[in-house]
Each structure stands twice: as C-alpha cells, then as structure tokens.
Amino acid sequence: MYKIVEARSVGLNIKQFEIEAPRIAKKQKPGQFIILRLHEKGERIPLTIKCSNPAAGTVTIVVQGIGKTTSLLNCLETGDSILDIVGPLGKPSEIENYGTAVILAGSVGTAMALPTASALKQAGNHVVFIEGARNTEMVVFEDEVRAASSETYVMTDDGSYGEQGLVTKKLNELIAAGRKIDFVLAVGPVPMMRAVAQVTKPLGIKTMVSLNSIMVDGTGMCGGCRVLLGTQSKFACVDGPEFDASLVNFEVLMQRNTMYREKECASLKEFQEHKDEEVAELRAEMAAEEKHYV
Amino acid sequence: MCDGMPLPVNPIPLKERMKIVRTHMPELDARVRSQNFQEVNQGLVEADALTEATRCIACAKPGCVVDCPVGVKIKEVVALIHFGDFLGAAAKLREDNSLPAITGRVCPQENQCEGGCVLGKKGSPVAIGNLERFVADFERESGQLGLPENAAPTGKSVAIVGSGPAGLSAAGDLIQKGHRVRVFEALHEIGGVLVYGIPEFRLPKSIVKGEVDNLRRMGVEFETNVIVGKSVTIDELMQDEHYDAVFVATGAGLPVFLGVPGEHLNGVYSANEFLTRVNLMRAYDAEHYDEPVYDCRDKDVIVVGGGNTAMDAVRTAKRLGARTATLVYRRSEAEMPARLEEVKHAREEGIAFRMLTGPMEMVGDEKGWLTGMRCVQMELGEPDASGRRRPVEVAGSEFVLPANVAIIGVGTTANPMIQSTTPDLKTNARNYIVADKETTRTSKVGVFAGGDIVTGGATVILAMGAGRKAAKSIHEYLTTGLWELAAELAR
C-alpha cells in the first residue's frame, strides 16, 4: 500500500496527492506517468506525475475527477492509502536546448507539463507557457507555471481570468507577431492537442503531444493503448506517451477513447448515487490491508 | 513413505492391469459451463485415482519420465498413489515440480509424459496429468502440506524478475538451497501468465494463490508493482540492493498484431488485452469489478489463432455471452498447437472452427466500430520452416465474416524493457535474451535468463523447466563463484 502524505484541493474538482512511492520517486523523469489501482475490485488508470521528491520517497500526482475511479480517488485525504501504484512508466520528455519552447497545457494537463517546462528552462530554452482552462476555478498552479517559464499566459474559455480564448488563439498571436518558435509541447484534451498540431504542422515546428489513450498494464503487454502514427502503430505506454504531433492520427485516438464511454458514464452515475458507501467501503478495505501488512 | 525405501510391487498381474480402461475426468456439462467461469474439469475421485494408478505397468525405462520437461519421478508417484499414499505421492512430485496443482491442469500431457507412456502405443496412456492434479489437490485440501525443508541460510540473495511459471519454480528451488529469494512482479498480482492469461475455467486463481502461498511459507519474498527496467534496473538490483544473482524470467509479453488494415477499430483486441481484462481484472464479474471489457452479449466474436491462448480467448468470449464465438485459423486443425483437451472442450461448448481461413482486413462502421473481418480461403502447400504445411491463399475466395469483436491471438514477442536498460545483456535479432540452454547464464556475470524471454512463447512446463535449470545453475554460481560461459556468449 502507498500512503498519501498530503492531499489538497487545487482547483474545482482537481486534487493534488503526494504519495509515498520510494522506487518511483527515485527514478521519475519529466513526462512519465504511473498506473494506480485503488482497491481490490478497482480498475487500473494511468495518471501523470507532476513531480517527485527522491529524498522523501514521494511522488506527486494531480487528479481531475472525471470518471468513477478519479472521483473516488478525489474523496481520499491525507493519511489514506492507495492499494497499487506502478511506475515510472513511459519514455521521459526529450529535453534539449531548442531555443524558444512553447508549452500549451489545458487545465489538469498543466501539472503534466510543469516538470518538462522546468527541465526545458533549465536546459537554456526561453519557455513560453500558455495555460488554458475553462474558467477561473480551473486555473491551477499559476505560481509554479510562472516559476517554470520565462513568459506566461493564462487563457480561459469564458474570460473569467487572464485572457479570453483558447490556447491556440495565443499561439497564433505569437506566430502572427513573428516570434520564432523552435519547439512546442501540448498537453491536454485531444481536440486541443489536435488544434495545436493543425497550427504548427504547416509551419514545420517540431511539436510533441502527450497522449492519454486507454491502458491496462502500462508495460506494453496488452496493446490497448495503440495509437496510429501515419501508417505505423505505436504503444502509448512504452513508445510514448509523447509523440510527434504531425504524425498522430487524432481521429483514431478519439475513436478509441470512446471504447468504454457508455460503461464509464453508467459507472460514474452509480458512484455518485452511492458515493458515501463506496468511500466507506474503500476505507474499510484500506484498514484491513493495513492489518494484513503488519 | 520414507526416503530410500523400495516401493512395494503392484501385485496385480500385468495383463490384468492392461485391461483396465482409462478413467474419465468428470467435467461440468458443456451447456452449463459455457455460461459461467467455473472450472471445467472437476478432478478425479479417490476410487478413480486408485484405479488409474493401477493401470501403470511400471516400465523398467519409463518413457513418461524421459518426456517430462522437469523429469518428475512419475513411476514412483503413480506407485505411491496405487498404494494409497497420496501425501507421499505429493511430496515425491514436489521434489521435481513445485507447482503440481498447476501443471496437472495446464500441461500438454499428450506431447509429454502421456505421449511417452507405453500403454498409449496400443490403447490409452495412463492419465498422468489427472493423477498429478489429484494428488496436488488432495494435499492442499488435506491441509498437510509436505513442504520441503530449507537448507541453512547461505547469506546469498537472488532477485527473480517475473512471477510466472519460470520465476516461481526457480524461487521454490532456490529457497530450499538456503538463499534469500525475492521475486519482482510488474503487475499487482503474483503469477504472471497464470493469472493474467489462463482463464479461471481452466486454472482457478485460488489454485495459483495456493501455490504462491506455499512459496511464501517457504520464505520466498514477493514485491508487486515493480517493473525491472523502469522502477529499478538490473544493475541497481545488483549494486544498490546487493543481490548476488538475478534471474530474468519476464516471459514474452508483447502482443503480435496481424498488421492488416483496420486493426485500430474499436472492438479489436490483442488476446493479451482481452484475457488480462477478463482474468486479472475480473471483468467477467462486471457487477463487482470496475475494469471494463466489451460487452460480448449477443455479439459475434472472432478469435484469430490456433494455440492455447486463442482457445482461451474464444471460450472466454462464449462465456461472456457471445452469440457466435468463432476460431479463425489459417492452417488446418492438424497444425493447431493447442492442447487436444482444449480443442475438445471448445467444440463441446459450441465454438465454431473456421480452419484454412486467413484474415485480410478489419471492416468497420463510420464511427470506427468493428463490423466484420474480410478473410480469404487458404489451402495447404509445401512444408515451411516449422515443418508444418504452409497455408496458401486461394485466389478469388475472399469473404466477410460478421464480427463485433476480433481478438488476435497469434503469438507474442519479447518485451525489450530490461534489455534496453541493461546494455551488457546480449540479445538476438528478435530481442530475446541470449542464454546458455543448460546453465541459463547470460552474457552478464551473475545474470541468468530462462522461459519465454529466451525461447519465445512456449508452455508453462517448459518455463518451469527453465526455472529449475536456472536455480541449479545459480546455486552452483553462488557456491563456487565460478562463471564460465558457452562460447557464443563469451564472444
């Protein structure tokens, strides 16, 4: 079991967890992720690592409550435990001194992009960070973003904070202003990443996107996370999660991500109706596991 | 039964024994079992086990032992059963096979022990697999486990990477030699292919758990959620965590797809994914477990392949309520590598077999969901490199089979995770680890490898055999400190 040493809310329905996982903390690099399972009957879900503290043996993840498992996870507090965590998975981000690097991150994607942005800045890049969110309540980690970047923009869909508009609006403005962009990383919802790719591909700007396909084991064993890059099939868990955006078939990614949509909705609805019982059951299992470990 | 005591002689005359008909393994009714995940084979009753053991004619040179990949002393085991000493038989089995309840269920006995049985030449061989299962189950249910005693601690420690059959059998042997043994598993449950691959109806999870618990009792340590190559490297295990030897038994985990158009459609699975969702993640019990799998109820499911994995997948689909569950194989039934019993069970359960059928393309609707598989009729031509007759397409014979789910079970290949993070570990062109056949030594001092990660996809018992060889060789290395390599590895 993996103890949560700190749980705190960082935005609307978005929570940050610092978890004891010494092996992962020691090895983690920007761009990598973990897979976790909350309880004996739970599913395995991938989540990106925001940062780690090798000395303390902890990793930090950021979770937006979207489906059943993420919603249940977000009910957990400091002192609770997670049954299984495995990682670090996937290839780390490629860090180079490109020149000017633009990072576009949507809401919770900001947490995933943060370590890569820091590393790029440290490598000597001029890092432009464009954070996008639906509204002011979903703007997360602004201070950390400012610290990790050389130039920061916050965009909200409804204009309730920062500038109104999508992240690609700001990207287009930078391009229109004649800014030389050498590298782009986009992390967020698939339509956002596809929109970024549509802007940068014709201009030949090297662009990476971090793909969130459905996974089971995360070690290359099941092939469920396969994505289409041109005509080639790649596994997001071991060949990614970052891929060259100009090659990614976003339509196939979106289609494959709908595979269990109906079940996910039904499962979430049921969870919301029995939330208190589910949380109580999970805590009871944690207590039983704790005993088992002693 | 004390060690060294000669076994009494079976008093029944040979001719009489040879007249006894092979006992029948009781099975769940095919109509019932094809709707649930309960174990198909119910196990021999005591009286039948006694009768079956009586059939053995105790050959001077038993072919069964020769043909067993781990050299179980079958003749002695069967004799002990005949005299009613079931616990003695189990203990005798455990001397060579630490997982008898598992191998009794999943070994392809017809090609191994039972294939070597002299009775099989004129009639039916002794049902060695059924007897093995009987004594292992008897021992477990009796609660009187004949666990062997461990030697005095040697102060040496061994890391085993992978908790499948190769890793578990090596662990069982090494702990007895007095070494500290820790098994690392990438998934959250111990057992490797025994828990993610082989379905409940063929190998109940409780049986695997029982065998793993036995190893725990013997002192073997297990650590789940560790991906060697990611969470920790082989070098770190040896340098930072001070393991004196490492046994790599990671299996051949990467799924092979067909490479035909349309394999990204929703509804197309690798057999690995489909079986992992259903077995490891228990998706068949959707009411209680969260991991989803495609709802096969009243749908058409096609499984491509002819081995045990394909057979497991197609029978699983049937149990999940598929309207049609069809096995598509490009050769003929004679070439199918699956165990005979699985083919028989599958037929009884209503699996349709479409032999000499080659998949050409996955066909889908406008939303990206699979609707069918375009296939071509094949015929058998000249033998290929595997010695089997090569399937050749029949021109103009294409047709579309309706399918909502297509599961690809045509084999697996090596996972490169360890090899890519261990530069001095020699691999071959297909990324399998190169290891000496007899000693399982690799190109890296102190590192051994065996099972599917060396041979490519094979069977549980062959992996266990490799695990035993590795244990013997690791023990030798740890006690002598000598590291000699076969010429092809030293280069």
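This is a predicted model. In chain A, helix α5 (residues 167–176) packs against helix α6 (residues 190–200) at an angle of about 15°, and their axes are 10 Å apart. Angles under 35 degrees count as roughly parallel, so α5(A) is roughly parallel to α6(A). The crossing of α5(A) past α6(A) is right-handed.

Which residues make the contact between α5(A) and α6(A)? From α5(A) come Val167(A), Thr168(A), Leu171(A), Asn172(A) and Ile175(A). They meet Met192(A), Ala195(A), Val196(A), Val199(A) and Thr200(A) in α6(A). By class, seven residues of this contact between α5(A) and α6(A) are nonpolar, three are polar and none is charged.

Next, the sheets. Strands of a sheet pair through backbone hydrogen bonds, in either a parallel or an antiparallel sense.

Chain A has an open sheet of seven strands with antiparallel pairing, in the order β6-β1-β2-β5-β4-β3-β7. Its edge strands are β6 (81–82) and β7 (84–89) of chain A, each pairing on one side only. Within chain A, β1 (residues 2–11) and β2 (residues 14–20) pair in the antiparallel sense over six bridges. Ala7(A) stands opposite Phe17(A) in β2(A).

Chain B has 19 helices and 16 strands. Its C-alpha trace spans about 70 × 60 × 50 Å along the principal axes.

An open sheet of five strands in chain B shows parallel pairing, with the order β6-β14-β7-β8-β9. Its edges are β6 (268–270) and β9 (352–354) of chain B, and each pairs on one side only. From one strand to the next, the twist averages 20°. In chain B, β7 (residues 300–304) and β8 (residues 324–328) pair in the parallel sense over five bridges. Ile302(B) has Thr326(B) in β8(B) as its bridge partner.

| Helix | Strands it lies across | Angle |
|---|---|---|
| α3 (109–122) of chain A | β4 (45–53) and β5 (58–64) of chain A | about 45° to β4(A) |
| α13 (271–280) of chain B | β6 and β14 (405–408) of chain B | about 85° to β6(B) |
| α14 (308–319) of chain B | β7, β8, β9 and β14 of chain B | about 170° to β8(B) |

Key. Residues numbered from 1 in each chain as written. Chains lettered and ligands numbered in written order. Predicted model: local features only at pLDDT ≥ 70, side-chain atom pairs only at ≥ 80, totals over all residues. Heavy atoms only, no water. Axes fitted to C-alpha atoms, helices over the stretch in contact; angles between N-to-C directions. Helix = DSSP H or I, 4+ residues; strand = E, 2+ residues; numbered from the N terminus. Parallel < 35°, antiparallel > 145°, perpendicular 65-115°, else oblique. Left-handed = near helix turned anticlockwise from the far one by under 90°. Contact = heavy atoms within 4.5 Å. Nonpolar A, V, L, I, M, F, W, Y, C, P; charged D, E, K, R; others polar. Pairing = 2+ DSSP bridges.
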